[in-house]
Amino acid sequence: MVKKTVAIFTTTRADFGILSPLIHAMERDSEIEPLVFVGGTHLASEHGKTINEIKDLGITVTDTFDYLLNDDDSFSLSKSMGIACFETAHVFRNHTFDYICVLGDRFELLSIIINAILFKKPIIHISGGEKTEGIIDEQIRHMITKAAHLHFVACEEYGKNVERMGEPQWRIHNTGALNVEEMVRAGEISKEVLYN
């Protein structure tokens, strides 16, 4: 049996913390092989160079894509996005995979989604259908949802939101929140440890 390869893209500690149990589950699966592509704040010293935390968890980093500029004004973010599109195109050209997987609603995910469309790769979106009214996250999340082929949502309400956007019901899977999985895996700690 040939394994299906899933390219998982992570750009921040926040999304990686949620994705790590999924990556470990894929590593144990006989039918799926995860390829982990790391970019954004993971590569920046000023953000703790968290790529090392990924490696410390025993996860193999397939490749990196560096695009982050040090400023966060609109022009710099737009320029970062352009660089991310270019850098991510190299990932798509240089690696073979069956699907791509992204989580959430960060602006740089759009560069990955654009490349997935142009390279004709099916898109898996985790955490669609959620609401964060009044900020760009909501627009970006919905853009990713409309581009995605498979949707893994955290609850029934979010699934219905995705369905109301015109996505077929058979593509929407209510799998629960991945971050709950991480909390369960971490187990209970004492008050003393918590307070320290």
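In strand β6 (residues 150-153), phenylalanine 152 is the bridge partner of isoleucine 126. Strands β5 (residues 123-126) and β6 run parallel and are joined by 3 bridges. Two strands count as paired if DSSP finds at least two bridges between them. From β5 the chain crosses through helix α5 (residues 136-147) to β6, in a right-handed β-α-β crossover. Right-handed means that, with the strands pointing away from the viewer, the path from the first strand over the helix to the second runs clockwise. Helices (H or I, at least four residues) and strands (E, at least two) are DSSP runs, numbered from the N terminus.

The model is predicted; local features need pLDDT of at least 70, side-chain atom pairs count only at pLDDT 80 or more, and totals for chains, interfaces and linings use all residues. Residues are numbered from 1 along each chain as its sequence is written, and side-chain values use heavy atoms, with hydrogens and water left out.

Strand β5 also pairs with β4 (residues 99-103), in the parallel sense, over 4 bridges. Here isoleucine 126 of β5 is the bridge partner of leucine 103. A right-handed β-α-β unit is made by β4, helix α4 (residues 109-118) and β5. Both faces of β5 are covered. Ile123 and His125 are buried on one side, Ile124 and Ile126 on the other. Buried means under 20% relative accessible area (1.4 Å probe, protein chains only).

Confidence is given as pLDDT, from 0 to 100 for each residue. The chain mean is 92, and 98% of residues reach 70 or more. Confidence is highest in β5, at 98, and lowest in helix α7 (residues 178-186), at a mean of 73.

Conventions:
Buried < 20%, exposed > 50% of the residue type's maximum accessible area, 1.4 Å probe, protein only. pLDDT = per-residue confidence, 0-100.
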